[in-house]
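This report covers one protein chain.

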Amino acid sequence: MTPPWKKTGSRGRRLLGVFHDILENLTVPRARKGGNDAEVSALAKRSKAAEYRRLKKSLEENLISRGLVEDVFRDKLGEYMALWKKFQELDQDIETRGVTVFDERRGMLVENRSVSLAVQVSRQMLSIYDALGFKEQAKSAVPSGGEDDEL
């Protein structure tokens with residue numbers, strides 16, 4: 001099916017069509033063919049899984065060291081980690097498709113919805129992080145160089 005801007009003979013509409021083609025190629029990366037992409041994807045998934053386990057273990061150990069072992073804290077930690085996974089997916093979508101995407105129906109560039117969702121997820125993660133006491137702990141931590149460091 002021919003896009004609406006290419007149906008007319010006006011020069012402006014043809015230029016808009018060319019502009020659309022350029023933007024589409026810039027904002028939507030094409031998948032490369034070959035076996036290496038599958039290997040890279042599998043390696044990235046393993047890396048993310050290892051990062052997830054490392055982060056979860058670190059947060060669990062911190063809660064245990066502070067005596068926060070009740071189910072409510074474990075539940076909040078599980079919620080935080082679920083949001084962490086969603087944030088990683090949104091971040092990957094932004095990396096893949098870009099900050100703006102072309103809306104076929106409206107015929108214009110629009111914000112990638114993943115950007116605003118990532119901000120919302122990040123806010124919720126920070127709220128849980130604060131509720132679990134990590135923010136206060138970070139504020140009271142002594143810098144690695146000691147207390148008498150000068151700027």
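Y80 counts as buried because its relative accessibility is 11%. Buried means under 20% relative accessible area, exposed means over 50%, and partly exposed lies in between (1.4 Å probe, protein chains only). The model is predicted: local features need pLDDT of at least 70, side-chain atom pairs count only at pLDDT 80 or more, and totals for chains, interfaces and linings use all residues. Residues are numbered from 1 along each chain as its sequence is written, and side-chain values use heavy atoms, with hydrogens and water left out.

The structure holds 3 aromatic pairs. Rings of Phe, Tyr and Trp (its six-membered ring) pair if their centres lie within 6.5 Å; planes under 30 degrees apart count as stacked, over 60 as edge-to-face, and the rest as tilted. Y52 sits in helix α3 (residues 36-65) and W84 in helix α4 (residues 71-97), 32 residues apart. Both Y52 and W84 are buried.

Y80 and Y129 also form a tilted pair, 6.3 Å centre to centre with 35° between the planes. Y80 belongs to helix α4 and Y129 to helix α5 (residues 113-131), so the pair ties together parts 49 residues apart in sequence. Y129 counts as partly exposed because its relative accessibility is 27%. Y80, Y129 and F134 form one aromatic cluster.

## Charges over rings

A charge sits over a ring if NZ of Lys or CZ of Arg is within 6 Å of the ring centre and within 35 degrees of the ring normal. The charged end of R66 sits over F134, 5.0 Å from the ring centre. The charged end of K85 sits over Y52, 5.0 Å from the ring centre.

## The hairpin

Strands β1 (residues 100-103) and β2 (residues 108-111) pair in the antiparallel sense over 4 bridges. Pairing requires at least two DSSP bridges between two strands. D103 stands opposite M108 in β2. The hairpin has 4 residues between its strands, and G107 takes a positive phi near 70°.

## The whole chain

The chain has 6 helices and 2 strands, in the order α-α-α-α-β-β-α-α. Helices (H or I, at least four residues) and strands (E, at least two) are DSSP runs, numbered from the N terminus. Of the 151 residues, 21% are buried.
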